[in-house]
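Okay, thanks for fitting me in. Let me put it up on the screen.

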Amino acid sequence: MHAQQQSLGTSNPEHVDPVHPNYVAIWVILLVLLGVSLLLGRIPNAAVGGTLIFGVAAVKIAIVMRYFMHMKFEPWLLVALMVAALLCVLALFFGVLPDVVWRNGWSGR
Amino acid sequence: MSSLTHLHPLSASVSRSPRRIPVIPATRLGMWIFLASEVGTFGGLIATYVMMRMWHHEWLHESAHTLLSIGTINTVVLLTSSLTMVLAHEAAEAKERARTRRFLLLTAGLGLLFLCLKAFEYSHEIAGGHTPKVSVFWSFYFAMTGLHALHIVGGLVLMLYATLGLRHDCVLRRVAPIGLYWHFVDVVWIILFPLMYVTTH
């Protein structure tokens with residue numbers, strides 16, 4: 001198997017050396033997004049501010065997973081594994097949420 | 001054939017057989033399975049916290065006592081450690097042992113700095129009377145950040161292990177799964193930071 005991997009990696013005429021992303025630039029972008037989320041924390045409307053802050057957090061997570069964890073280059077099976085785990089968490093959340101809201105109300109904060 | 005050009009940017013270790021069955025190194029596959037289970041662990045805690053937050057209106061006032069400045073510095077520290085970790089991974093793939101060791105030690109140092117700042121934060125909060133017994137918010141706070149800190153400790157042990165055994169090629173290859181683990185710990189903190197610090201001030 002190792003020999004097969006080597007041959008796939010070196011002797012294939014279509015093989016091109018992958019271009020590494022500029023990791024320092026990605027790190028700077030992440031720091032800028034951190035600053036943006038801190039500024040968004042000053043928005044008086046908690047619902048709007050909170051939504052935007054978690055939106056920025058989602059972008060940061062996507063950047064880390066794509067460029068640092070190289071998720072883009074992983075086989076679809078591994079991506080499906082992580083998506084399945086995430087779906088289980090979302091099912092837990094949205095399965096229980098109506099009961100929590102129905103019984104206790106929603107603070108909206 | 002075109003799929004062969006979409007190899008991992010740092011290695012050719014994920015390749016495809018002629019029948020397009022992914023060939024994944026066991027250590028990397030094992031790490032991804034572990035991380036999927038971690039999504040359940042942290043995801044369950046975070047989902048429960050968010051639901052409880054909707055219920056407990058008074059948490060808004062309690063959570064205002066968390067230290068935003070320390071949380072922000074710790075976020076910068078972890079993001080920087082992710083950068084040094086990916087650079088260690090890059091060096092390991094190029095079989096540059098000295099550079100790999102340097103970046104791994106730098107990452108471990110940043111992880112240690114994170115723990116020191118966290119310890120300072122904990123001591124400040126406990127001294128202010130904010131202990132896990134006081135309220136459910138502080139129970140969640142210490143449980144979630146404490147579990148995250150334990151993962152940092154685990155990462156430090158893995159990095160120390162990798163640094164000590166770098167002269168062996170097999171250990172050099174293990175830098176990739178250790179990197180995955182470290183970046184995941186970073187991802188968890190990216191969620192915990194707004195949840196515990198930013199939306200509360």
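Let's begin in chain B, with helix 5. Its buried residues are B:Phe137, B:Trp138, B:Phe140, B:Tyr141, B:Met144, B:Thr145, B:His151, B:Ile152, B:Gly155, B:Met159 and B:Ala162. Before I go on, a reminder that this is a predicted model.

So what covers those buried residues of helix 5 of chain B? The cover includes helix 1, helix 2 (59-62), helix 4 (97-127), helix 6 (169-173) and helix 7, which all belong to chain B.

As for the geometry of helix 5 of chain B, there are 29 residues, and at 1.5 Å a residue they should span 42 Å. The end C-alpha atoms are 42 Å apart, so that agrees.

Now take one of those neighbours, helix 1 of chain B, residues 26-55. Its axis comes within 11 Å of the axis of helix 5, residues 136-164, and the two cross at roughly 160°. Parallel or antiparallel, then? That angle makes helix 1 of chain B roughly antiparallel to helix 5 of chain B, the cut-off for that label being over 145 degrees. The crossing of these two helices is left-handed.

Who makes the contact? From helix 1 of chain B you have B:Leu45, B:Tyr49 and B:Met52, and they meet B:Val136, B:Phe140, B:Ala143 and B:Met144 of helix 5 of chain B.

Zooming out a bit, chain B has seven helices and two strands. Reading from the N terminus, chain B goes β-β-α-α-α-α-α-α-α. Of its 201 residues, 41% are buried. And if you take contacts in chain B between residues at least 6 apart in sequence, 75% of them join residues at least 24 apart.

Okay, over to chain A and its helix 2, residues 23-40. This one has 18 residues and reaches 26 Å from first C-alpha to last, close to the 26 Å expected. Which of its residues are buried? They are A:Trp27, A:Leu30, A:Leu34, A:Ser37, A:Leu38 and A:Leu40. Looking down the axis of helix 2 of chain A, those buried residues fall within an arc of 160°, so they line one face. The general point is that an α-helix has 3.6 residues a turn, so residues three or four places apart point the same way.

On the face turned away from the buried side, helix 2 of chain A carries the exposed A:Val24, A:Ala25, A:Val32 and A:Gly35.

Conventions. Residues are numbered from 1 along each chain as its sequence is written. Chains are lettered from A and ligands numbered from 1 in the order in which they are written. This is a predicted model: local features need pLDDT of at least 70, side-chain atom pairs count only at pLDDT 80 or more; totals for chains, interfaces and linings use all residues. Helices (H or I, at least four residues) and strands (E, at least two) are DSSP runs, numbered from the N terminus. The expected span of a helix is 1.5 Å times one less than its number of residues. A residue is buried if 20 or more other C-beta atoms lie within 10 Å of its own, exposed if 12 or fewer, and partly exposed in between; C-beta atoms are placed from the backbone. The arc is that of the directions from the helix axis to the C-beta atoms. Axes are lines fitted to C-alpha atoms, for helices over the stretch in contact, and angles run from 0 to 180 degrees between N-to-C directions. Angles under 35 degrees count as roughly parallel, over 145 as roughly antiparallel, 65 to 115 as roughly perpendicular and the rest as oblique. A crossing is left-handed if the near helix is turned anticlockwise from the far one by less than a right angle, and right-handed if clockwise. Two residues are in contact if their C-beta atoms, placed from the backbone, lie within 7 Å.
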